[in-house]
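Here's a quick briefing to read with the model open in your viewer.

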2 protein chains.
Amino acid sequence: MSDSDFKVQLLLTGNEIMSGDTVDSNSAMIAQRLGELAIGVYRKVTVGDDVELLKKELTAMATDADLLIMNGGLGPTVDDLTAEILAAVAGVEIEEHPTAVAHLEAWCGKRNLELNAANRKQAMLPAGCTIVDNPIGSAVGFELTLGNCRVICTPGVPSELAAMLDGILDSLAQQLQRPVERNILRLQTFGLGESTAQQMISDALPQWPDEVDLGFRAGAPQMEIKLSIDSASALPTQQRCREQIDALFGDHIIGEGDTLLAQRVLELLQQRGQTLTTAESCTGGLIASMLTRIPGSSQGFHAGFVTYANDIKHALLGVDEEVLEQQGAVSEEVVLQMARGAMQRSNADYAVAVSGVAGPDGGSAEKPVGTVWLAWGSRDKLRTRCLCWPVERSLFQTMIAAAALDMIRRTLLGIDEEPRYFSQRRAR
Amino acid sequence: MSDSDFKVQLLLTGNEIMSGDTVDSNSAMIAQRLGELAIGVYRKVTVGDDVELLKKELTAMATDADLLIMNGGLGPTVDDLTAEILAAVAGVEIEEHPTAVAHLEAWCGKRNLELNAANRKQAMLPAGCTIVDNPIGSAVGFELTLGNCRVICTPGVPSELAAMLDGILDSLAQQLQRPVERNILRLQTFGLGESTAQQMISDALPQWPDEVDLGFRAGAPQMEIKLSIDSASALPTQQRCREQIDALFGDHIIGEGDTLLAQRVLELLQQRGQTLTTAESCTGGLIASMLTRIPGSSQGFHAGFVTYANDIKHALLGVDEEVLEQQGAVSEEVVLQMARGAMQRSNADYAVAVSGVAGPDGGSAEKPVGTVWLAWGSRDKLRTRCLCWPVERSLFQTMIAAAALDMIRRTLLGIDEEPRYFSQRRAR
């Protein structure tokens, strides 16, 4: 599906990647962004912060690529060798670049930091290089041509790389006269596994058209379905595929693009001028945190309760002490009372309450690790469900917090049908 | 710093890695496991599922390595090319391997599956290869020597790779007669940047010994300092370096290994049999979530309040409405009242309260985005501070939540000295 006339290689550097201390997610990010221009990466090489090795790789790779993106080694420490190596291979000097100095000064100024010697090193760049703006970090990127190969050096900090890639993509689109982005339609889902989704599509849509590239990206908590086409002529086919996917997965689709569950819930609340409150035991504040991570969340979310201990469930939310004692904290009546108490105290329109056994300890034969009761809804109508999602503690918290938000999303949308995970994650 | 006499390379294959749909975590897993034997990986190459490209890489890499681990391409589909490629480069035939067939039959038998043609393909291996057992999956690994290089082919499914690495490590330990692990000392810090730490060490300890490898891993919110040695004879030097680092960074060091701030705080609370409560506005539940992510957190953390709206700060925590109106939600008096209200309502011994402007909107000339008031301490003694940490919303929340936990850690340890970030992140 990609343009085979334009050869792209990646050269990644960093001892922390070689040692396995850090998992490299940058090269996947670069490949995905290049994919938007239908540019494929055909080879990537990763080495540690070693001058001779880097020189050798850079020299060899530049003879066999139209574009070489280097990643890492732009920072202020002695490990950061990229500028020095590119200069050596290009046969130019390292010099202080005025644009980079100005960038550093502005960066430090904004943060009330002094520009120290270590930071200043980041302005020492190969003579004649072009600066690639870093909209958020201290180290600018830079570019130089080696023979016929554009070499673009990018920072290892993922957020900085992400911010820089927009400009790099624009420049590549211009170079390749490919102003139209590859058309990628991304759909966010919750509650579907990658293999289940793949199997459902294979079964239901055996005649999937060649011109629409189907991809999946499984994350926690969401899973993305990607429909890519390389030419505008395939737009109607892409649209038809999207409708088929909609019909197949229905209300498991949260939205397009990067839509997050919390974002969708807040949008729906805002449309109605209503608010949600949270009463969390085993998720311990994660639902509130997922909501408040979204800018502007204060419109739909005013108050959250983390009631981790039994006496606190009573004291803060008015959960009946006898019920706690007789039925236990992980019970239907307790989550119902938590939800009611939270709505009453916060004056919110909707509530979600969760109480479960996150593990690794605390499970019993009756309520094993992974068991969780959820209550959700409005004052008029609260619903409950017991699920069992026996995975590692922090993944459990993530998936249950997402399920809680998903149930509120379904409530706000008036969806009555149960999600697939209700039957798959049924408690015994 | 690792054994440079034993050269290891990794060759990874998979279209899903090249496209960025999958982030490769396997190479980090392999590197970490090899690190246990003080074996470093010096280079890794990743290419798509392309026969010619793979043959070329394999041929070249085998001439420059003592060990080459290939990963991916062992499965039953047409994309899975590893056996074919290794056979071609070695100049041997592909043949059905009886041990692999027996493994497949046993694997299918256990699952009541029929051994189909696609699965049977996984037993077609290079003639003369040695089988590497796969304790959990259908595809066995296999090994062949090319020149002086051991080539070990491993599966791309992470859990299968993990299971297979135990046996590979045993075999390598035997080959290298190296039962002893490399000694790595890791220290977790908060409030130090990578460049600051590097600068401070360069300034204070110019005579850093060669035999102790110094590394940094900047994360959000913590930064790790790593001291690695390759032989037991360097242990006293490593210890001396550690003491120097302790003296230099002092109370910015949270602990050894993987210690998280929240974990340290919970440990200290547990030692005292005391509890902490949280009153969060701009961090929106993240402090509570960081605490409850730690197993066993229920001992030191019983209750948390997310009071995002002004009327909720009043209703839930008893913050004075006049104070809110006159001084604004982001003010010293408000965080003090939040902390007091939270302790009173939860009966906790300690509290931390935060109220700030997370952005991107909501800033003013007087209180720009990034401004935050913190209050922390016990009933007897609450302290406050205003900081300005103007970074992107979710990073702001992460850093401020960590700073809040750090102030509680310092309180519990009786540290009176101010952390470095108090002056660096001083509000105007």
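In what sense do strand β2 of chain A and strand β2 of chain B pair, and over how many bridges? They run antiparallel, with five bridges joining residues 43–47 of chain A to residues 43–47 of chain B. Keep in mind that this is a predicted model.

**Where the chains meet**
- On the β2 pairing, A:Val45 has B:Val45 as its bridge partner in β2(B).
- Chain A puts 67 residues into the contact, and chain B puts in 61 residues.
- On the side of chain A that touches chain B, the largest share comes from strand β14 (residues 301–307) of chain A, with seven residues.

- Ten strands make up an open sheet with mixed pairing. Reading across, the order is β17(A)-β16(A)-β15(A)-β13(A)-β14(A)-β14(B)-β13(B)-β15(B)-β16(B)-β17(B).
- The edges belong to β17 (382–388) of chain A and β17 (382–388) of chain B; each has a single partner strand, so one side of each has no neighbour in the sheet.
- Ignoring direction, neighbouring strands in this sheet are turned by 10 degrees against each other on average.
- Within chain B, strand β15 (residues 350–356) and strand β16 (residues 371–378) run antiparallel and are joined by seven bridges. One pair to look up there is B:Val352 with its bridge partner B:Trp376 in β16(B).

**Helices on the sheet**
- Helix α12 (residues 310–317) of chain A packs on the sheet and touches strands from both chains: β13 (276–280) and β14 of chain A, plus β14 (301–307) of chain B. The direction of α12 makes about 145 degrees with that of β14(A).
- Helix α14 (residues 332–346) of chain A lies across β13, β14, β15 (350–356), β16 (371–378) and β17 of chain A, and runs at about 145 degrees to β15(A).

**A helix pair in chain A**
- Helix α3 (residues 51–62) and helix α4 (residues 82–90) of chain A have axes that come within 9 Å and cross at roughly 55 degrees. The two helices, α3(A) and α4(A), are therefore oblique to each other.
- The crossing of α3(A) past α4(A) is right-handed.
- From α3(A), the contact uses A:Val51, A:Leu54, A:Lys55, A:Leu58 and A:Thr59. From α4(A), A:Ile85, A:Leu86, A:Ala88 and A:Val89 take part.
- Sorted by class, the contact of α3(A) with α4(A) has seven nonpolar residues, one polar and one charged.

Key: Residues numbered from 1 in each chain as written. Chains lettered and ligands numbered in written order. Predicted model: local features only at pLDDT ≥ 70, side-chain atom pairs only at ≥ 80, totals over all residues. Contact = placed C-beta atoms within 7 Å. Helix = DSSP H or I, 4+ residues; strand = E, 2+ residues; numbered from the N terminus. Pairing = 2+ DSSP bridges. Axes fitted to C-alpha atoms, helices over the stretch in contact; angles between N-to-C directions. Parallel < 35°, antiparallel > 145°, perpendicular 65-115°, else oblique. Left-handed = near helix turned anticlockwise from the far one by under 90°. Nonpolar A, V, L, I, M, F, W, Y, C, P; charged D, E, K, R; others polar.
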